[in-house]
Amino acid sequence: MLELRNVTSGYGPIEVLHDICLKVSEGEIATLIGANGAGKTTLLMTVCGSPRARSGQILFEGDDITDIPMHKLVYRGISHVPEGRHIFPRMSVLENLQMGANACQPKYFADDLEFVFTLFPRLKDRLNQRGGTLSGGEQQMLAIGRGLMSRPRLLLLDEPSLGLAPLIVRQVFDTIRAVNAERNLTILLIEQNAYQALKLADNAYVLVSGAITMSGTGSELLGNKEVQAAYIEGGGAH
């Protein structure tokens, strides 16, 4: 469904990503793990067109989307839930979800809203509450819910567990698994919690200093001693 072919990208004179080759097949959960500063967020942002790939190709369902503006990708079926949530703090929960549904036909709104409330019942209880007054975990639920309201075929998730309590982290990962299973939604997950991400993933990639250094199934990388030493031991398993 998504393929990066020899993609390089960066900011100004700095090249962050070097010759990236990556594939995400339809219906799977793929994850990209790596240390802070490895280029994980830049990779997702490059898929979304900001920054633009300097060389190489980005394909979505066989179509070249390398030069398509970010705001048009949602109409192609790609939804991005960025690191740090970036909800609209002055808008209510309902208004945030309505913003997510802008790219979708109105006839789907009620069903999609009910689906989000099934995943996150707490959002239904806070429907008219301003987004900025929600807890960190609730804001992450809202960010994911808003991303799902556009009925994407590909969901790009950037650090969904960042800064959350362990109980909420488990709920977020359970939700990712449920959405993938129930809607056959293809997911590319960027995550520092390597243990949880690899447990969840069908396929996985390791990014080091802007280059893919290792790939395999989630279980293969979870059992890899190098991966364990670098990303899991010493607090990575929650």
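**Exercise 1. Describe how helix 6 passes helix 7, and which residues meet there.**

Solution. Helix 6 passes helix 7 in a right-handed crossing, a crossing being right-handed if the near helix is turned clockwise from the far one by less than a right angle, and left-handed if anticlockwise. This is a predicted model, in which local features need pLDDT of at least 70 and side-chain atom pairs count only at pLDDT 80 or more, while totals for chains, interfaces and linings use all residues. Residues are numbered from 1 along each chain as its sequence is written, and side-chain values use heavy atoms, with hydrogens and water left out.

Next, take the axes, which are lines fitted to C-alpha atoms, for helices over the stretch in contact, with angles from 0 to 180 degrees between N-to-C directions. Those of helix 6 (residues 136-148) and helix 7 (residues 166-183) come within 10 Å and cross at roughly 15°. That makes helix 6 roughly parallel to helix 7, a description used for angles under 35 degrees.

Finally, list the contacts, meaning heavy atoms within 4.5 Å: Gly-137, Gln-140, Met-141, Ile-144 and Leu-148 in helix 6 meet Ile-168, Gln-171, Val-172, Val-179 and Arg-183 in helix 7. By class, this contact has six nonpolar, three polar and one charged residues, where Ala, Val, Leu, Ile, Met, Phe, Trp, Tyr, Cys and Pro count as nonpolar, Asp, Glu, Lys and Arg as charged, and the others, Gly among them, as polar.

**Exercise 2. Work out the order of the strands in the open sheet, and which of them stand at its edges.**

Solution. Strands (E, at least two residues) and helices (H or I, at least four) are DSSP runs, numbered from the N terminus, and two strands pair if DSSP finds at least two bridges between them. Four strands form the open sheet, in the order 2-1-4-5 with antiparallel pairing. Strand 2 (14-24) and strand 5 (63-64) each have a single partner strand and stand at the edges, so one side of each is left without a neighbour in the sheet.

Now follow the pairs. Strand 1 and strand 2 are joined by seven bridges, with Leu-4 having Leu-22 in strand 2 as its bridge partner. Two residues lie between these strands in their hairpin, where Gly-12 takes a positive phi near 60°. Strand 4 (residues 55-60) pairs with strand 5 over two bridges, and Leu-59 stands opposite Asp-64 in strand 5.

Notes
Angles under 35 degrees count as roughly parallel, over 145 as roughly antiparallel, 65 to 115 as roughly perpendicular and the rest as oblique.
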